[in-house]
Amino acid sequence: MEDKTVILAFANEAHALPGSLLQMLLDSLRTGVRTEPLLKHLVVVATDPKGLERCRRMHPLCHLLSGANGAAPNGTELMFYDKDYVDMMWARNRFQARVLALGYSFLFTDLDILWFRNPLLRIPVGADITLGCDNHFGTNPYDLDKAANGGFVYARPTAASLAFFRDWYEARTRWPGENDQVVFREMKHELAARHGATVQLVDTTYFHSACEAWKKFNFHEICTFHAACIHGLQDKIDRLNAVLDEWRQFKAQQLLLGANSTALTY
């Protein structure tokens, strides 16, 4: 983008199959409120050659992550906490840090997130690093005691964020076998204090999570829906399909109202 922000998503072969998560993310961007132009800023990082091949059938900006093994037998999904899954999460973390080192801001989105409105409009402008969370409570935006979710991350290339990401990666050796999200949970207070990084967790009013009770579509509120706390690829797909169908119905109703509705203005 003009401010050197790039949108990142990671996909393996299972995620890039027809009707799977990558297609649903792309569909949501095409049907969201002023989100379709964001597609030209979305780079999908494939973690295996088959994923790259399938990605290129859906989206023009696909990049093969070298040195990562995101493949699973017969295109099946990687299971949470499998060694290959954990390795892929850390390879993703390193890639994000590399993007920052090149001088770019990034907005990373998991593939099981639907976009209905531009989430960048709700990102705190003063934060070095912003993450999604599974449950949001209280009114203090700097309270890090909420359950952070690494499936939605925005970071700016500041000295503080670069140092935070560097030490976040190095801290993985203190928790062998754990993924980046677990290590973040253990280290977030220490790293933020050590490097003077401003870290915020976004409000689920705008960045909704399936870990909370479903909030109906409302005026100018829900930007994204994350199928967190839903286990199994097919269960995620089923839930995302249901939410995407509800969005299409809501959007059609608002379009019928015409000038009497402002829900689709941004």
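## The largest cavity

The largest cavity of this predicted model has a volume of about 80 Å³. A cavity is a set of points, on a 1 Å grid over the protein atoms alone, where a 1.4 Å probe fits but cannot get out; the points are joined across faces, edges and corners, and the volume is the space filled by probe spheres set on them. By this rule the count comes to one cavity of 30 Å³ or more.

The lining, meaning residues with an atom within 4 Å of a point, consists of I113, G132, C133, N149, F152, F207, H208, S209, T224 and H226. Four of these residues are nonpolar, six are polar and none is charged; Ala, Val, Leu, Ile, Met, Phe, Trp, Tyr, Cys and Pro count as nonpolar, Asp, Glu, Lys and Arg as charged, and the others, Gly among them, as polar. At least two lining residues come from each of strand 6 (129-133), strand 7 (148-155), strand 9 and strand 10, and strand 9 gives the most, with three.

Strands are DSSP runs of E with at least two residues, and helices are runs of H or I with at least four, numbered from the N terminus. An open sheet of three strands runs in the order 5-10-9 with mixed pairing, where two strands pair if DSSP finds at least two bridges between them. Its edges are strand 5 (113-115) and strand 9 (207-209), each of which pairs on one side only.

Strand 9 pairs with strand 10 (residues 224-226) in the parallel sense, over three bridges. F207 has T224 of strand 10 as its bridge partner, and both residues also line the largest cavity.

## The second largest pocket

A pocket is an open set of points with protein on both sides within 12 Å along at least five of seven lines. The second largest pocket has a volume of about 160 Å³. Its lining is formed by R122, P124, H136, T139, N140, P141, Q200, L201, V202, D203, Y206 and F207, of which six are nonpolar, four polar and two charged.

## Overall form

The protein has six helices and 10 strands. Its radius of gyration, taken over C-alpha atoms, is 18 Å, close to the 18 Å that the globule rule (2.2 Å times the number of residues to the power 0.38) gives for 266 residues, so the protein is as compact as a globular protein of that length. Of the 266 residues, 54% count as buried, that is, under 20% relative accessible area with a 1.4 Å probe, protein chains only.

## Basis of the values

Residues are numbered from 1 along each chain as its sequence is written, and side-chain values use heavy atoms, with hydrogens and water left out. In this predicted model, local features need pLDDT of at least 70 and side-chain atom pairs count only at pLDDT 80 or more, whereas totals for chains, interfaces and linings use all residues.

Terms used
Buried means under 20% relative accessible area, exposed over 50%, partly exposed in between (1.4 Å probe, protein chains only).
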